Amino acid sequence: MDERIHKYFYEELSPEERLSLLHDVEANEELEKQFAEYQNIYALLNLGRQVENRAVGKQKFDRFILQKQQRFARMQWLRWVGYAAAVLVLVVSSSLLTLWVTHPEQPDNLSVDAMNTLYTPAGQRAQLVLQDGTEVWLNAKSKLVYPAQFTGKERRVRVEGEAFFKVAKDISKPFIVSAEYVDMKVLGTQFNVYSYPDAGYVQTSLLEGSVRVFFPGREHEGITLKPDQQVTVLNGKMTVEPIRLSEHFLWRDGIYAFENEPLINILKKMELYYDVKIIVKDASLFNDTYTGKFRQRDSLDDVFRVLHQIRKFKVEKDMENNIIYIYK
């Protein structure tokens, strides 16, 4: 185990060291797996939402230890304690989640000291509740920058990747999500944001309420969505259309649904969900579209069996380098 990971969860790293560690996590597969292991421990602990301070967190942790000691043998339990103890030092204003760090670079209108960054590695998902009661789901390889406490006239967060928001209503303080070159403003609503850097576009899908999508500083030129509408921002233009497949948002539950979806799009999602590199040797395979669904807990072989029902192709695995090749 990298010693920095242990120090990270004990808040013994400086903001610069934490940011450096996150960068290393993105570039190093072994570090990424270690972080994922810690996330699984958090999920098992399930310390709940709105842990206000260390004292409360320790009380919950002590109760958890007592319950586990009654159920499991001592040797089994000690194996968990080494990991679980790290949770005690977190000052959590949200639900238990993935990775926390004070981020040194923040928007001018937000307090630097009060900002947190939540990052989910490939193959992982996370859920949290912000200080105002807003619920956020974060998909694989995504990042959310948010304040520990909302102050001022607005509630502003920044997202990279994919996130689903169930915004707590507050008429006096609008909720604003920034994603790359687009802002989204709401009072209380449910919507999905897709904004992976390599996608080349930002897509906002509204399920309930209303949301206004606009370029920063040009809100009067923006578009207000109605429920079951989505807007795609590409090359400086906004295109509004009906949501084609509402089941897409089941990713929050670990379900990926697709309807008449090009193979290239499906493979990109599989890379995110299963943390692998997929290389297609024959570009003609991209001409086919597929309909179906699978759970993220399903194996890659299970997913390929679903796809093979539509068209057969060969799969070659390079387990040593974590690469999958697809060809006719």
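Two strands count as paired if DSSP finds at least two bridges between them. Helices (H or I, at least four residues) and strands (E, at least two) are DSSP runs, numbered from the N terminus. This is a predicted model, where local features need pLDDT of at least 70, side-chain atom pairs count only at pLDDT 80 or more, and totals for chains, interfaces and linings use all residues. Residues are numbered from 1 along each chain as its sequence is written, and side-chain values use heavy atoms, with hydrogens and water left out.

Now pick strand 18 (residues 323–327): four bridges join it to strand 15, and the two run parallel. Zoom in on Lys277, and you'll find Ile323 of strand 18 opposite.

**Stop two: the cores.** A nonpolar core is a set of buried Ala, Val, Leu, Ile, Met, Phe, Trp, Tyr and Cys residues joined through side-chain atoms within 4.5 Å; buried means under 20% relative accessible area (1.4 Å probe, protein chains only). Which residues touch the most other members of the largest core? Select Leu144, Val157, Phe165, Phe175, Met184 and Phe191, from a core of 31 residues. Strand 5 (residues 155–166) gives the most to this core, with four residues.

Finally, look at a second, separate core of 30 residues, including Tyr196 and Leu263.

Notes:
Buried < 20%, exposed > 50% of the residue type's maximum accessible area, 1.4 Å probe, protein only.
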